[in-house]
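Please look through the model below with its division into domains in mind, and then follow the contacts that join one part to the other.

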Amino acid sequence: MRLSRAVLTAAVVSLTAAGLPASATAAPAVPERSVTDVVPAPVSAKADPRGDFRLTPATVITAGRGAGQVADYLRGLLRPATGYPLPVVPHAAGLPAISLELGHDPRIGTEGYRLKVARDGVTLKANTADGLFEGVQSLRQLLPSAIEAKRVQHRAWTVAGGTILDYPRFAERGAMLDVARHFFRPDQVKLYIDQIAQYKVNTLHLHLADDQGWRIEIKSWPKLATVGGRTAVDGDPGGYYTQAQYRDIVAYAASRHITVIPEIDMPGHTNAAQSTYAELNCDGKAVPPRTDTEVGYSSLCISSPITYRFVEDVVRELAALTPGPFLHIGGDEAHSTPPADYLAFERKVQPIVAKYGKKVTGWHEIAKSVPPVSAVPQYWDFGGSNPDVAAAAARGNKILMSPANYAYLDMKYTPQTPLGQDWAALIEVKDGYGWDPAALVDGVGESQVAGVEAPLWTETIRTSDDIEYMAFPRLPGIAEIGWSPKATHDWEAYRARLAKQAPRWVAQGIDFYRSPQVDWK
Ligand code: TNX
């Protein structure tokens with residue numbers, strides 16, 4: 001139970017009156033929430049306890065030009081629990097207001113924002129709608145956690161007073177969901193999108209095809225989805241997204257200012273395609289479908305022209321479904337593709353991605369193929385030395401950091417964790433928070449890091465509850481590593497801020513892991 005400020009103050013007064021030295025008891029009362037509690041930690045935050053702003057049925061949301069979408073989103077966040085009308089209007093006309101405005105502030109870049117909460121109103125300013133959206137995620141954390149309830153709560157709604165100036169350390173803060181090992185319906189993907197957006201994650205990487213299943217409709221190779229999509233790990237039900245469903249997911253993510261990166265893993269991790277279309281095999285014979293969790297046994301037929309017709313058809317259709325700049329072409333663990341073949345494959349496939357107007361991203365093994373400098377290798381190893389990745393960074397490629405021993409959300413927390421794997425590490429909350437993307441790989445420093453990504457492989461993950469249990473509370477830590485200045489990095493301070501997030505997760509129905517490393521209260 002948390003004591004209110006008034007109760008704490010009264011306690012200090014009475015103890016002092018009883019003759020105890022004030023210094024022994026007068027530690028400043030800890031407010032329930034403050035601008036200094038926000039996760040990810042802002043660049044700078046100054047609390048003003050006299051600046052608390054009270055939401056009332058009269059409060060309006062004002063939206064300047066270009067701010068309407070974020071204003072509507074904010075209204076949608078605040079209405080269920082408050083029950084207040086909170087109309088979005090062009091001018092406050094004397095009413096108490098939360099004001100969203102676009103401007104030109106060189107300090108905050110494209111995703112930063114400035115937030116001021118004062119007694120007479122809240123002002124949120126940014127250079128872009130993305131920045132306003134990230135500012136709204138901070139604003140939301142300044143309200144009581146009951147704001148996350150889905151039904152009206154009869155109570156006071158006070159926004160903690162103060163100012164925040166904030167912008168990200170790295171451009172990309174990502175999450176990856178493997179929908180191939182187990183399939184997740186569009187509504188489950190949307191739920192995860194909403195959960196990750198609140199920690200300023202701006203990229204969702206969808207792993208759409210692997211040995212155990214193909215999950216996206218490709219009209220020129222229709223059986224990929226209808227046949228290759230039937231299977232999943234352990235014989236669990238499969239599934240796939242029609243192109244219309246997939247576009248809807250992408251649009252939903254965009255409404256949460258998240259860009260989707262679709263992945264088709266190749267030349268390995270391709271059993272679902274090769275069991276569906278015989279011509280994708282060198283001997284022209286379809287392989288049997290597989291639902292076990294081995295890796296590294298499949299390979300497309302590198303010498304066959306049909307392989308590249310297939311790749312081009314898939315890339316063309318996927319590019320047309322993708323407003324974002326990147327297509328992910330996998331490239332990991334191609335243990336059944338001889339090294340020379342791997343390079344030959346990459347040299348043919350990467351230009352196909354460019355032909356359809358997209359940039360390449362892929363697992364860090366693609367660094368060996370000397371990809372164009374616009375390509376982003378995604379580092380998944382343990383850190384230390386990797387000459388191919390260092391050489392790519394030296395050539396100008398940015399590197400995305402998702403070290404398996406820190407950022408893999410499918411790793412168990414402890415040996416007792418009922419879900420997940422442990423081949424890379426056991427990752428308790430403190431471990432997942434305990435690394436620096438710019439000090440992980442020799443030769444890859446601050447300016448060569450594109451950002452961070454927290455992948456969730458789903459061999460053992462079947463439900464949204466499973467996703468939540470593995471992602472929370474580690475995903476907010478990875479998001480903070482990607483967003484917050486290095487100077488704010490501090491485990492003790494972080495675990496205290498993280499503890500205060502838990503009532504929000506409870507109100508949102510997030511089934512999180514109550515790590516003993518955090519005092520959840
Ligand atoms: C390795 S690391 C994989 C995935 C598995 C994962 C399980 C990497 C790029 N690939 O195929 O799902 O381990 O932890």
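A polar contact is a pair of N or O atoms within 3.5 Å, where, within protein, one atom must be able to donate a hydrogen and the other to accept it, and residues adjacent in sequence count only if both atoms are side-chain atoms. In this predicted model, the rule finds 9 residue pairs in polar contact across the interface of domain 1 and domain 2, both residues of each pair being at pLDDT 80 or more. On the side of domain 1 that touches domain 2, α3 (68-82) and α4 (129-141) each supply at least two residues, and the largest share, 8 residues, comes from α4.

The domain assignment places domain 1 at 5-166 and domain 2 at 172-489, and the centres of the two, taken over C-alpha atoms, are separated by 36 Å. Where they meet, 20 residues of domain 1 are in contact with 16 residues of domain 2, and the area buried between the domains is about 1,500 Å², of which 54% is on carbon and sulfur atoms. The rule also finds 2 salt bridges across this interface.

Definitions and conventions:
Residues are numbered from 1 along each chain as its sequence is written. This is a predicted model: local features need pLDDT of at least 70, side-chain atom pairs count only at pLDDT 80 or more; totals for chains, interfaces and linings use all residues. Side-chain values use heavy atoms; hydrogens and water are left out. Domain bounds come from an automatic or database domain assignment. Contact means heavy atoms within 4.5 Å. Buried area is the accessible area (1.4 Å probe) that two parts lose on being put together, summed over both. A salt bridge is a side-chain nitrogen of Lys or Arg within 4 Å of a carboxyl oxygen of Asp or Glu. Helices (H or I, at least four residues) and strands (E, at least two) are DSSP runs, numbered from the N terminus.
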